[in-house]
Amino acid sequence: MKKLLFGLLIACFQYVKCDDPNIPIVITTWNFLNSTTKAWEVLNAGGSALDAVEQGASVCEEQQCDGTVGYGGSPDENGETTLDALIMDGKTMNVGAVGALRQVKNAISVARHILEHSYHSFLVGELATQFAEEMGFPIESLTTPKSKNLWKKWHNEDNCQPNFWMKVTPDPKKYCGPYSKSEKGYHQASTSDVKVDRYNHDTIGMVAIDKNGDVGAGTSTNGAKFKIPGRIGDSPIPGAGAYADNAVGGASATGDGDVMLRFLPSFLAVEEMRRGASPTAAAETAVARIAEHYPDFMGAVVALAKDGRYGAACHGIHQFPFVVHDLTQDKSRTEHVLCS
Ligand code: SD4
């Protein structure tokens, strides 16, 4: 027994001091390695958690990660890609968010500009584009040949299926929406089934802690495929898509945003950690709260405590990948958690 204790003590001094926080560190939803690596480079060079989150998520926006982040993905019913993003500073509890952003590729940077250059927290739609233009962001189409073809197939070959309408006539299961053939649009009536799958929902969510112990969190997404124009999901909503508080840590969520935003899962995970839960238990609680009401929802939460402990939980798929980078690794590492 004495030997074991002595061994542990030596290990503590040799490798890490036992009570040293494991920082800096970054954790990212899904298998977005390049973004995580970029965020890590920023942190390792002494950059701030906010810079790491902004620059890391920007990589996904440029590389159009999985077609679910950035331009040219998830066209809405009109065939247009619009973007949602959020960035939160756990030191100041300041937030910048943008929803249904049109014609600007750099959604998380626009969100950062809202945080840094306005007293507001959240701008949306065409007028968010106006803000971005005034801040010097280029205005350009977010449609690509790929997103155009995706939309054309949905619209022409698949007769606008699936779609997000419910209890309307004409029957949205058979009929191709108000933007094509109907002059009068939909009216209240029957129901429709929306197919939500992994490829509909793959937001990048990121939480980072820098060398000063400051926590930043953020998200970026092009939302749900074939959404009703104007729809904003969970990703840009503070407490839903992400949340950060220097006193505790941070969390971020991904999945079926229409359902998830009703439960503020990132806020809940942070509050659970504040009450002493481990990051894994906190993420599990946040996911379980949603599943209680919506057993068929698909989603996941990653949580990072201020001392660098982390965890994740998920629901509705078999397993969920997330990426971590801290001082113990040369490369960003993908980990998996089994889902409930
Ligand atoms: C949304 N939640 O707009 C987003 C999509 C996604 O994780 O994957 N988010 O519903």
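1. Valine 110 is in contact (heavy atoms within 4.5 Å) with Val98, Leu101, Val104, Phe131, Ala132 and Phe137, leaving aside residues up to four places away in sequence.

2. The model is predicted: local features need pLDDT of at least 70 and side-chain atom pairs pLDDT 80 or more, while totals for chains, interfaces and linings use all residues. Numbering starts from 1 along each chain as its sequence is written, and side-chain values use heavy atoms, without hydrogens and water.

3. Around the ligand there are 12 residues (a heavy atom within 4 Å), of which Thr203, Arg231, Asp234, Thr254 and Gly255 come nearest. By class, the shell holds no nonpolar, nine polar and three charged residues; Gly counts as polar, and Asp, Glu, Lys and Arg as charged.

4. A ligand oxygen is 2.6 Å from a side-chain N or O atom of arginine 231, and a ligand nitrogen is 2.5 Å from a polar side-chain atom of aspartate 234. At glycine 255, a polar backbone atom lies 2.6 Å from a ligand oxygen. The protein covers 100% of the ligand's own 280 Å² of accessible area (Shrake-Rupley, 1.4 Å probe).

5. Of the 340 residues in the protein chain, 54% are buried.

Key. A polar contact is a pair of N or O atoms within 3.5 Å; within protein, one must be able to donate a hydrogen and the other to accept it, and residues adjacent in sequence count only if both atoms are side-chain atoms. Buried means under 20% relative accessible area, exposed over 50%, partly exposed in between (1.4 Å probe, protein chains only).
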